Amino acid sequence: MGTGRSLKSSELIPPFDYLTRATDSSGNVRVLAARTTRMVEECRERHKIYPTVTAAVGRILTAAALMGACLKGEETLTLRIFGDGPVGGIIADANAKGEVRGYAKNPHVHVPLNSWEKLDVSGIIGNQGSLCVTYDLDMEKPYTGCTPIISGEIAKDLVYYFYTSEQIPAIVSLGVLVGWDGVIAAGGILLQLLPGAEKSLIPKLEKNAAELSDVSHLIQEGETPEGLVERALGGLEFKILGKQRVHFKCRCSKEKLKEILMALGKKEIQDILIKQGKVEAACPFCSHKYLLYQKDLEALLSGIT
Ligand SMILES: [Zn+2]
């Protein structure tokens, strides 16, 4: 937790988040590194999320942002973790444009600090359950891969997922530093060995990764995504492939709510009109509230034959 300084943490953090894509010059390793402080803070603020849940949601959002950087065009991915802990599940989705959104099923749960005096992320997620990734790659139907939760700390669970479900050796580091008045720093790194890569690189990369385990503190001290890439590759030559903004952005709209209602059918809408006269619905991803009044519902009904 923070020290309760008089300056708000949001005044100390850089103005925007971004992600850097890089590869080592021999083409063995792909590295993605991101600063996600504002993105995670916006999610916390929208859903009024408690600190430990913020740390967990922030790690999932950051992971989704990093994985989203591997998508193209209109492709999207959804990352879900469902454990037996009190948070009851966390969902995030991301696209190739760096737009990320997400939420926790129970944002207002709290557990004591763990034995290292840190926010107990695995304590709220649980250690039984699954981590699933759904890729919607503009093909006929989305593809989902799931693996069991092995630690509940998320980064290790993702490494296990990549290795087991996608056969990709990976190193993942995710961190969120939460203060009294919000998120102080957040970010992450994802390293993936590319096909045909020399496996002998792994011990060296793991050694570098161990020094990156506290990624949120590095970001708090002003480290950039490029700096994280350099640390992660520790001495290997690399080239930066691109840089991209990442931010919290939902894709919901009043029109989408109308489509959902239309799909329910004429009778359901008539029932709502008679019993309630209006529909009030909040988007689970961003908490935005939509209201449809009698005239909106009547207009919908007239559009259903
Ligand atoms: Zn929304």
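1. A quick term before we start: two residues are in contact if their C-beta atoms, placed from the backbone, lie within 7 Å. With that in hand, L61 touches T36, M39, V40, C43, A92, V100 and G102, leaving aside residues up to four places away in sequence.

2. Some ground rules. This is a predicted model, where local features need pLDDT of at least 70, side-chain atom pairs count only at pLDDT 80 or more, and totals for chains, interfaces and linings use all residues. Residues are numbered from 1 along each chain as its sequence is written.

3. L61 also turns up in the largest nonpolar core, which has 75 residues; L61 is among those touching the most other members, along with V31, A56, I60, A64, A65 and A232. Such a core is a set of buried Ala, Val, Leu, Ile, Met, Phe, Trp, Tyr and Cys residues joined through C-beta atoms within 7 Å. Buried means 20 or more other C-beta atoms within 10 Å of a residue's own, exposed 12 or fewer, and partly exposed in between. Helix 2 gives this core its largest share, eleven residues. (Helices are DSSP runs of H or I, at least four residues; strands are runs of E, at least two; both are numbered from the N terminus.)

4. Now the sheet: five strands, open, in the order 8-9-2-1-10, with antiparallel pairing. Strands pair if DSSP finds at least two bridges between them. Strand 8 (170-179) and strand 10 (238-245) sit at the edges, each pairing on one side only.

5. Finally, have a look at E74, in the loop between helix 2 (51-68) and strand 3 (76-83). E74 counts as exposed because 11 other C-beta atoms lie within 10 Å.
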